[in-house]
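Some notes follow for your reading of the model. Please check them against the coordinates.

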Amino acid sequence: MDTPTELDTPTLSELEARATHERPAFGEHAHILCDNLVRIYKTEGVEVVALQGLDLLIEKGELIAIVGASGSGKSTLLNVLSGLDVPTAGVARVAGTDLLAMTARDRLRYRREVVGFIWQQTARNLLPYLTARENAQLPLRLAGKRARTSRADELLELLGVGHCAGRKPNEISGGEQQRVAIAVALANSPQVILADEPTGELDSENSEQVFAALRQANRELGVTCVVVTHDTLVSEQVDRTVGIRDGRTSSETLRRASSDGNIIAEEYAVLDRVGRLQLPRDFTNALDMERRVRLELERDHIGVWPDKARSEDTE
Ligand SMILES: Nc1ncnc2c1ncn2[C@@H]1O[C@H](COP(=O)(O)OP(=O)(O)OP(=O)(O)O)[C@@H](O)[C@H]1O
């Protein structure tokens with residue numbers, strides 16, 4: 001065997017250059033990127049860490065659901081992505097806009113033109129004294145664009161609420177109001193729609209119609225949709241559901257159609273860029289795993305075992 005000469009042994013800086021050249025930056029091509037996102041709230045001297053290094057990548061044109069227990073950080077994440085709130089640290093980028101480096105002016109433009117937002121409370125989405133059509137024209141007016149009636153009517157029609165165009169919010173049902181709210185959110189042709197519990201106040205029939213309207217917008221207009229939801233009707237119908245726990249992404253469920261047409265859902269734990277993994281609490285509880293585990297590399301998987309020394313101690 002040849003001994004390597006000084007000439008063919010790469011230097012540390014060459015190795016570093018090679019590594020950065022060969023590996024694309026984390027989330028380089030993602031439409032929405034959160035990298036190690038942190039949001040700390042300070043109230044009366046008490047700090048609450050709502051996001052603790054959250055990583056998330058979403059591709060252009062995806063429709064995903066975000067789920068998690070109350071207080072896990074879902075609304076905080078959506079507020080950051082919508083430009084309403086500024087994270088404490090980390091990277092947040094949406095459609096090429098760096099959300100930590102925006103001026104007040106950039107923020108206004110971002111909120112008017114890049115993202116559309118739908119809130120849970122139907123009353124918060126629409127102005128009560130305007131008709132559905134006028135509500136859908138308003139974002140264009142605010143952006144100084146010509147508010148074409150046809151654009152508003154096309155969107156209302158696409159979302160199945162064309163018949164509500166001339167009516168005010170109190171003259172239509174909650175589900176219809178939310179579908180009009182989607183038309184308002186889409187009016188400025190945003191690249192991303194963010195919805196916080198859009199079906200939270202609705203019965204199952206209306207929820208179904210609102211979700212169908214969102215899916216329609218996603219498929220026909222190609223807009224990326226992120227929906228925070230407790231509604232299994234929504235979370236079980238998207239291709240990807242991201243679970244958040246304690247301010248971090250903890251799991252992902254991917255759904256695909258099998259050859260016989262059934263939907264197969266598979267749950268994955270999320271591996272972050274430095275290799276950290278959150279094991280599901282019911283798994284660790286079932287095997288009484290605490291503090292440390294033993295890992296074994298097998299040919300096609302990694303085994304995770306309870307700490308042997310600890311289990312012998314307790315015997
Ligand atoms: N403005 C705030 N000031 C202080 N703490 C806050 C603030 N907003 C949220 N928090 C805290 O941050 C954590 C995450 O809250 P967040 O509202 O993002 O959770 P969530 O998952 O959306 O919950 P829910 O499902 O109940 O809406 C919680 O502990 C919450 O109490």
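**Notes on helix packing, sheet and ligand shell**

1. Helix α5 passes α6 in a right-handed crossing (right-handed: the near helix is turned clockwise from the far one by less than a right angle; helices are DSSP runs of H or I, at least four residues, and strands runs of E, at least two, numbered from the N terminus). The contact involves Ala 132, Arg 133, Ala 136 and Gln 137 of α5, and Thr 149, Ala 152, Asp 153, Leu 155 and Leu 156 of α6 (C-beta atoms, placed from the backbone, within 7 Å).

2. This is a predicted model, in which local features need pLDDT of at least 70 and side-chain atom pairs count only at pLDDT 80 or more, while totals for chains, interfaces and linings use all residues. Residues are numbered from 1 along each chain as its sequence is written.

3. Seven strands form an open sheet of mixed pairing, ordered β6-β7-β8-β3-β9-β10-β11 (strands pair if DSSP finds at least two bridges between them). β6 (115-118) and β11 (263-269) are at the edges with a single partner strand each, so one side of each has no neighbour in the sheet.

4. Strands β7 (residues 192-196) and β8 (residues 224-228) run parallel and are joined by five bridges. Val 192 has Thr 224 as its bridge partner in β8.

5. Around the ligand, β1 (32-43), β2 (46-58) and α2 (74-81) each supply at least two residues of the shell (near: C-beta atom, placed from the backbone, within 6 Å). The largest share, three residues, comes from α2. Among the residues around the ligand are Tyr 41, Val 48, Gly 73 and Lys 74.

Key
Contact = placed C-beta atoms within 7 Å.
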